[in-house]
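Have the sequence and the 3D view at hand as you read.

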Amino acid sequence: MLTVREAHPSDIGIITGIFDSARQFMAASGNATQWIDGYPTSEIVLQDIANGNCYIVMQGETIAGVFTFIVGREPNYDNIDGRWPDNKPYGTIHRLASAGIARGIADSALDFCLKAGVSIRIDTHADNSPMLKWIESRGFRYCGIIKVENGTPRMAFVLDHESAGPAFD
């Protein structure tokens, strides 16, 4: 069984190791340009932890995944080549990665995030086929293209809390 808890600064070594593995997995899957130049850095992760936005997915006593969940405005989403369905409050999932030791990391993260009672937004690189497949399978709707801090485009999606279905209640 997978559980979610807040990340602690003492988790940083394991988290950065998961991100290193995720970059290698993405490159091997045809997505070599999404997390470049060491992104996400330990500084970003430590800031997420300090803000109370970084979460760990646990399999028993082992860290099996990590994600950031922020309820509130995501500045990168202000400008979209496309359209968000509404201006209601939302939460954003960022920096979702698995250690590769358990299945269901993304589903556990989404289940956790849906408990916030808001729509969920997420973005990913057009070459991130494993993530795009998961996004589609969970019922997210494509809204358009946003740009991240370094100016590169990302496909942006939303999952309305009301339409998430009984599997996520």
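## About the model

This is a predicted model, in which local features need pLDDT of at least 70 and side-chain atom pairs count only at pLDDT 80 or more, while totals for chains, interfaces and linings use all residues. Residues are numbered from 1 along each chain as its sequence is written, and side-chain values use heavy atoms, with hydrogens and water left out.

## Aromatic pairs

Rings of Phe, Tyr and Trp (its six-membered ring) pair if their centres lie within 6.5 Å; planes under 30 degrees apart are stacked, over 60 edge-to-face, and the rest tilted. By this rule there are 9 aromatic pairs. One of them joins phenylalanine 67 and phenylalanine 112: the ring centres are 5.9 Å apart and the planes stand at 65°, so this pair is edge-to-face. Because phenylalanine 67 belongs to strand 3 (residues 62-71) and phenylalanine 112 to helix 3 (residues 105-114), the pair ties together parts that are 45 residues apart in sequence. Helices (H or I, at least four residues) and strands (E, at least two) are DSSP runs, numbered from the N terminus.

Phenylalanine 67 is buried at 0%, and phenylalanine 112 is partly exposed at 26%.

Next come tyrosine 77 and tyrosine 90, with ring centres 6.5 Å apart and planes at 25°, so they are stacked. This pair links distant parts of the chain, 13 residues apart: tyrosine 77 is in the loop between strand 3 and strand 4 (81-82), and tyrosine 90 is in strand 5 (residues 90-98). Tyrosine 77 is buried at 2%, and tyrosine 90 is buried at 9%. Elsewhere, ring pairs join Phe19, Trp35 and Tyr39 into a cluster.

## A charge over two rings

A charge sits over a ring if NZ of Lys or CZ of Arg is within 6 Å of the ring centre and within 35 degrees of the ring normal. Arginine 121 lies over the face of tryptophan 84, 3.9 Å from the ring centre. Arginine 121 also lies over the face of tyrosine 90, at 3.7 Å.

## The two sides of helix 4

In helix 4 (residues 129-137), the buried residues include Met131, Leu132, Trp134 and Ile135. On the other side of helix 4, Lys133 and Glu136 are exposed. Just after helix 4, glycine 139 has a positive phi of about 90°.

Conventions. Buried means under 20% relative accessible area, exposed over 50%, partly exposed in between (1.4 Å probe, protein chains only).
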